[in-house]
Structures are given as C-alpha cells and as structure tokens.
Amino acid sequence: MKKLMKSVLCVVLCVIMAVPAVMFSSAAGLAKVSGLTYSSKENSVTLSWKKVSGATGYGIFRYDNNKKVWTQYKTTTGIKYTISGLDSAKTIKYRVRAMKTDSKGKKTYGAFSDPASAMTL
C-alpha cells in the first residue's frame, strides 16, 4: 500500500510540475516584439523592429489620443513598415506585436512591444 501511495504521489507531483512548463512554453507562443524604432521624413514615419522567431506577421497598433485606446492600424509580414500621408510635426504612439497563423487558421499573438512615440517632420 505504501508503494502504491508513493507511486500515486509521484505521478501527481510530476503532473503538477509539468503543467506550468506546458502553459508557458515558448514553443506554444511568441516572444514580445523588441527594438521598436522609427525614422521620420516629411509626412511619413518608418517603423522597424527585431524579428520574432516563429512569427508569420506583425500587427501595428497606434494610440488614439481622443478615444484613449489602442487600435490596430495594419498588419505586415516584414519587420519594417512605412506610414505615409501623415500631418507634419505630428506625434503618434505606435506599438507592434508578433502573430502566427497555424494550418487551421488559428492565430496566436505575442506580447506588445514597448510603445514608440514617432514624430513626423
């Protein structure tokens, strides 16, 4: 009976120890986008960031000062994106997150980058 109890306890502990590893495995999710920077030209801003392993695309979000919310602006497959047609001398906050789509169309998202405040010339 003691051996059975020890075996059951061992199995329970192994399961408890394994659950966090499965839940937070980097293989299941995507890393946070890092290195978000921008360069400005007249009426345009080019955002760039570091590639996230496993990402199939990136969502670009900008902050709406009037509504006080972040909204998705565009998606792209690259690590650089130019936004043109902006007003001169305007500052807009942007952030980016990685995404991947599996074979069934299910999307997984990484954490948002730290925001960058980009100002047009």
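**Exercise 1. A threonine and its surroundings**

In which element is the place of Thr 76? Determine also whether Thr 76 is buried or exposed, and list its contacts.

Solution. The model is a predicted one.

Step 1. Thr 76 belongs to strand 4, which covers residues 69–76.

Step 2. The relative accessible area of Thr 76 is 16%. The limit for a buried residue is under 20%, so Thr 76 is classed as buried.

Step 3. When neighbours within four places in sequence are set aside, Thr 76 is in contact with Trp 49, Gly 57, Tyr 58, Ile 60 and Tyr 81.

**Exercise 2. The order of the elements**

State how many helices and strands the chain has, and in what order they run.

Solution. 

Step 1. The chain contains one helix and eight strands.

Step 2. Read from the N terminus, the order is α-β-β-β-β-β-β-β-β.

Step 3. The chain has 121 residues, and 26% of them are buried.

Step 4. Consider the contacts between residues at least 6 apart in sequence: 61% of these join residues at least 24 apart.

**Exercise 3. Strand 3 and its partners**

Find the strands with which strand 3 pairs, giving the sense and the number of bridges in each case.

Solution. 

Step 1. Strand 3 pairs with strand 4 in the antiparallel sense, over seven bridges. Within this pairing, Gln 72 of strand 4 is the bridge partner of Phe 61.

Step 2. Strand 3 also pairs in the antiparallel sense with strand 6 (residues 91–101), here over six bridges. Tyr 94 in strand 6 stands opposite Arg 62.

Step 3. Strand 3 and strand 4 form a hairpin with four residues between the strands, and in this hairpin Lys 68 takes a positive phi near 60 degrees.

Step 4. Strand 3 is mostly covered, for six of its eight residues are buried.

Step 5. Thr 71 is found in strand 4 and touches Ile 60, Phe 61 and Arg 62, if residues up to four places away in sequence are not counted. With a relative accessible area of 38%, Thr 71 is partly exposed. The C-alpha atoms of Thr 71 and Gly 59 are separated by 10.0 Å, and these two residues are twelve apart along the chain.

**Exercise 4. Aromatic rings and charges**

How are the rings of Phe 61 and Phe 112 arranged, and why does the pair receive that class?

Solution. 

Step 1. The structure has three aromatic pairs. In the pair of Phe 61 and Phe 112, the ring centres are 4.9 Å apart and the planes stand at 90 degrees. Planes over 60 degrees apart count as edge-to-face, so this pair is edge-to-face.

Step 2. Phe 61 lies in strand 3 (residues 57–64), whereas Phe 112 lies in the loop between strand 7 and strand 8; the pair therefore ties together parts that are 51 residues apart in sequence.

Step 3. Phe 61 is buried at a relative accessible area of 7%, while Phe 112 is partly exposed at 24%.

Step 4. The ring of Phe 112 also carries a charge over it: the charged end of Arg 95 sits there, 3.7 Å from the ring centre.

**Exercise 5. The salt bridge**

Which side chains meet in a salt bridge, and which parts of the chain does the pair tie together?

Solution. 

Step 1. The structure holds one salt bridge. Its partners are Asp 114 and Lys 32, at 3.0 Å from N to O.

Step 2. Asp 114 is in the loop between strand 7 (107–109) and strand 8 (116–119), and Lys 32 is in the loop between helix 1 (2–23) and strand 1 (37–41); the pair therefore ties together parts that are 82 residues apart in sequence.

Step 3. Lys 32 has a relative accessibility of 43% and counts as partly exposed.

Methods:
Residues numbered from 1 in each chain as written. Predicted model: local features only at pLDDT ≥ 70, side-chain atom pairs only at ≥ 80, totals over all residues. Heavy atoms only, no water. Salt bridge = Lys/Arg side-chain N within 4 Å of Asp/Glu carboxyl O. Helix = DSSP H or I, 4+ residues; strand = E, 2+ residues; numbered from the N terminus. Buried < 20%, exposed > 50% of the residue type's maximum accessible area, 1.4 Å probe, protein only. Phe/Tyr/Trp six-rings, centres within 6.5 Å; stacked < 30°, edge-to-face > 60°. Lys NZ or Arg CZ within 6 Å of the ring centre and 35° of its normal. Pairing = 2+ DSSP bridges. Contact = heavy atoms within 4.5 Å.
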